Amino acid sequence: MHANPTRITLVLSDNTAAYQELGSEIRSTLAKEFELSVISVGEDLADADLYVAVGMKAAEVLSLRGKPTLNVLLPRAGFEKLRRVPSSSYSAIFMDQPVQRQLALIASLLPNATSIGVLYDTLPTELDSLRKLAGIKHLNLHEQQVNKQHPLAGALSALLQESDVLLVLPDNKVYRSDTIRNILLETYRAQVPMVGLSANYVRAGALCAIYSTPQQIAYQAAEAIEEFAETGRLPAPQYTKEFEISVNTQVARSLGVPVKDAVQLRVEVRRHQ
Amino acid sequence: MYRDLIFIRSLLSAVLISISSSAFSAEENITEQSYLQEFPVVLTASRLSQPLSDSPNSMTIIDRQMIRSSGFRSVVDLFRLVPGMYVGNAGANQPFVSLNGVTDQYSRRMQVLVDGRSVYLPPFGGVDWSGLPLLVEGIERIEVVRGPSAASHGTNSFYGVINIITKDPSFLESDRLSVSQGEMGISNISAQQGGAGERFDYRLSYAYRADDGDNPEVLNDSSTNRILTMRSNFRVNFSDTFEFQLGLNAGESGRGTKGQPEKDIFRTIESKNEFQMVAWRHTWDSGDESKLSYYRINRNSTDPMKAVDWNVIPTVFGTDYSSSSRQDIEIQNTTQLWKENRIVWGGGFRYDFAEQPLIFTSTHSLNQSRVFAHDEWRPMESTVINIGTMFEDDGAGHKNNSPRVSVNYHIQPQHTLRASYGTATRNPVMSEMYLTTAANKYWSRAYVPPINELRPEKIATREIGYVGNFGQLNLDGRIYYETVRDIIGLDFYADLSNLADPKSSFKNLTDGTFKGVEISADYRWESGRVNLNYARQQASCRFSSYPTQYFNALQISASQTLAQMLGQAYQSDYLALCSASVPVNSANILLSQGLSETVDFSTGYYFRDAVRVTDVYSALPAESMMHRIDFRLAKKFGKEERPGGGEVAVILQNAFQDNYTGYGNIAQMANLLFKRRAYLTANVYF
């Protein structure tokens, strides 16, 4: 135990609910002996033993500072884009899910799905590992790019014709609040289920999604912070260990997908991945 | 017309662009935003169709692929793909349909919905199919509920429900131009243009549809229709959406029978059908949904040369003007009571109006009101219980309750057994309650309003059904036993005071029992699909209240045989007509097969035993057995339904010239045939 409490500064990318929520989850999960301050990007960075960057914007600011930093609430691709070599004082907990987990979820819920469709505008960084894994699991991966020659409507209907499931890879030019409606209606019309990125996708009409909750991320962040306080070293960059699965049972029933309980699915995904 | 379309197109495009111009921002792709993004609820409870295995009724779904493969160019023909469904023609421009049970050419015992609008109209309670502002090309899907379903589909869901769903403008569809040309004067042109944006979607359709009819030399049954429809969505925010629909069908249809210049001269009727509809959908934070909708339907027609008196020579002709309208407002809520229990509930008011001076002494209107609730409860994953009812007041003194309950048990996830008990009510329509005409002044027969007040007809159906899935094969079957009380029929001698001048009116005359078996199978493979239906049915009736003059020795028709006269004398014709009103066996097969990447072939076989609709009296021949075969061959180019894509198809109907006869309630119509015909269609998307 340190004589002086370890000083932690949480830097939130902005003040909206998602960041605030993660901030307060970390605060309530951490043991009392930490001196914790929470600021937003743009505010003065007070001196601290460890910075926790919440979100991409905060990560970008802190990556230039050379201080010990734990990055949370950012996707792996975002962390890699920062081009700062991970070390014992620079690490991350990714908010996205490893491709294995996604495919394990599809295998559990849609055992007959052999063709997986992905739609993107910008080449997703996940695609390489997805291609490899699909090859190993004998799945057909159909990739369809959206561009001037292939606008969303044509690209999507061509993709849906050959896919058993549409797997969402993060792309905020394709999946936006103003396009999600057309995309979901078209998938439902083609009777092709969508696997989304978050509970919001499931609420909108995706069949299911696998994701980590703020509590799960906060718990793992707190563990890393405690490890840093004890040993002076952060664990290597990692995905979250815990995850949540949401299934839209109404959509499942309407598509004729046998409904499975989320708890049962989690057990199966753990076993498969 | 085209100039108008182009103008509307540019106007709407401008609106669309201004609304969605802010959509693309140059945001960096790799951030956490993709995971935090909020979305509206798109697949709301009311958008998600209940799977057949959870449905309280047997249902047939006619999808876009089946519509295309069938080659049919009229909506009514599509119902040949429904097991046990009767499709008849009182002339090619006056088609009518009914499901297992007593009907006449004013088929009025089904609920018919187009995007939620109830389109059977007063005063006769039937559907003017060729006058509907509806394009076959604009149909997304048709659901035909086989059996009473008042709890979920409203008033008049008696023998069943036809639920036509048109394409939502939010679907990402290319603009389309279609042309059909063929024998028997077949000539269609239709165009569709639309756009789907962030907040506003629209689809405009225009169609011109014409043909010379089936037997123009005997029956003047040609028709020409011009149809314009508009459907649009406007999303105010994540939870509120407005939907607007407009439609217009201006038609000219022939009337007249050869050799009857005194009663039914060759002439052309002009008619106009229009509707407007607005609906507001609100999604609550819980995911529950409310929908408030209002629509107005207006139909009028003018017959310029109706024979209005052929007691005198020469016949007096007059103008037969008719107008009917409906306004309806409804609120419907979908509420998730708890995880495994969902209820759809609400209520509505309807105003029906009809005017036709030649057959009614005054205009008539009815104010109806209704409340309904339908609960879907899943006590176990393997069991679904649907329970519901509708309570209505028809505005003519009848209050009805129409409950339904069903239990679906999934023996395995892919195999379901269903037991259901459903009821519905059919309220008397205006023509049954108020017809008033003298003999040979509109019809040969004279009509007076009922002597005894009419009671609503009541139906109760008991059914055992099975829904199964074996990979690419879907099976559906049911056995049913239906009883109908107080069927309203014609009482030929209602007014005994003057037998020299007999008068008819409507009366609750018979109780019916309908039994049957229906089987459907749908099998798909990589390059093709086959859809098969078979129905066997039986109808029988008995008097629930006797005709006013039970014994009747007067001759109805000069061509009657002695046996027919005796049958009629004891009024047994009523009962004989009832049991002949359904075909014992009927079946159809629709097969489609891709012959190559770009060539599609399909064929339809339609079989039906002889049948006699109840207003075809025994003196006239019944409709003969039908074995009809249609072919369709299509060559596709470009990408399916995408810009630059399209197809050219040739369709051959009744390819082997099966000489089946159609509906005919007069001698001249008795032996008319459906002649083989071919036509070409071309679709281009851009």
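Where the two chains meet, chain A puts in 46 residues and chain B puts in 33 residues. Keep in mind that this is a predicted model, with an ipTM of 0.93 and a pTM of 0.90.

**Chain A's side of the contact**

- Several elements of chain A give two or more residues to the side that touches chain B: strand 4 (69-74), helix 3 (76-81), helix 6 (152-162), helix 7 (180-189), helix 8 (199-204) and helix 10 (249-254).
- Helix 7 of chain A hands over the largest share of that side, at eight residues.
- Sort the residues on the side of chain A that touches chain B by type and you get 23 nonpolar, 13 polar and 10 charged.

**How chain A is laid out**

- Chain A splits into domain 1 (7-95 + 213-241) and domain 2 (99-210 + 245-272).
- Between the C-alpha centres of domain 1 and domain 2 of chain A there are 30 Å.
- Look for an open sheet of six strands in chain A: the order is 2-1-3-4-5-11, and the pairing is parallel.
- Strand 2 (35-40) and strand 11 (238-239) of chain A sit at the edges of that sheet; each has a single partner strand, so one side of each has no neighbour in the sheet.
- Inside the sheet, strand 3 (residues 50-54) of chain A pairs with strand 4 of chain A in the parallel sense, over four bridges.
- One spot to check is Tyr51(A), whose bridge partner in strand 4 of chain A is Thr69(A).
- Helix 9 (residues 214-231) of chain A lies across strand 1 (7-12), strand 3, strand 4 and strand 5 (90-94) of chain A, and runs at about 175 degrees to strand 4 of chain A.

- Chain B has a mean pLDDT of 91, and 93% of its residues reach 70 or more.

**A sheet in chain B**

- Chain B has an open sheet of five strands in the order 1-6-7-4-5, and its pairing is mixed.
- Which strands are at the edges? They are strand 1 (58-63) and strand 5 of chain B, and each pairs on one side only.
- Strand 4 (residues 110-114) of chain B runs antiparallel to strand 5 of chain B, and two bridges join them.
- Val114(B) is the residue standing opposite Arg117(B) in strand 5 of chain B.

- The peptide bond from Pro122(B) to Pro123(B) is cis, with omega near 5 degrees. You'll find Pro123(B) in the loop between strand 5 (117-118) and strand 6 (139-146) of chain B.
- Another cis peptide bond runs from Ile313(B) to Pro314(B), this one with omega near 0 degrees. Pro314(B) is in the loop between strand 14 (289-309) and strand 15 (316-338) of chain B.
- Asn440(B) has a positive phi, near 60 degrees, though the residue isn't glycine. Asn440(B) belongs to the loop between helix 5 (430-434) and strand 22 (446-447) of chain B.
- Is Asn440(B) buried, partly exposed or exposed? Asn440(B) counts as partly exposed because it has 18 C-beta neighbours inside 10 Å, while buried would take 20 or more.
- Asn654(B) also has a positive phi without being glycine, near 50 degrees in this case. Its place is in the loop between strand 30 (646-653) and strand 31 (677-685) of chain B.
- With 19 other C-beta atoms within 10 Å, Asn654(B) is partly exposed.

**Around Phe631(B)**

- Phe631(B) is part of strand 29 (residues 626-637) of chain B.
- Phe631(B) has 16 other C-beta atoms within 10 Å, so this residue is partly exposed.
- What does Phe631(B) touch, leaving aside neighbours within four places in sequence? The contacts are Thr603(B), Leu652(B) and Ala655(B).
- Phe631(B) and Leu652(B) are 21 residues apart along the chain, yet their C-alpha atoms are separated by 5.1 Å.

Definitions and conventions. Residues are numbered from 1 along each chain as its sequence is written. Chains are lettered from A and ligands numbered from 1 in the order in which they are written. This is a predicted model: local features need pLDDT of at least 70, side-chain atom pairs count only at pLDDT 80 or more; totals for chains, interfaces and linings use all residues. Two residues are in contact if their C-beta atoms, placed from the backbone, lie within 7 Å. Ala, Val, Leu, Ile, Met, Phe, Trp, Tyr, Cys and Pro count as nonpolar, Asp, Glu, Lys and Arg as charged, and the others, Gly among them, as polar. Domain bounds come from an automatic or database domain assignment. pLDDT is the predictor's confidence in each residue, from 0 to 100. A residue is buried if 20 or more other C-beta atoms lie within 10 Å of its own, exposed if 12 or fewer, and partly exposed in between; C-beta atoms are placed from the backbone. Two strands pair if DSSP finds at least two bridges between them. Axes are lines fitted to C-alpha atoms, for helices over the stretch in contact, and angles run from 0 to 180 degrees between N-to-C directions.
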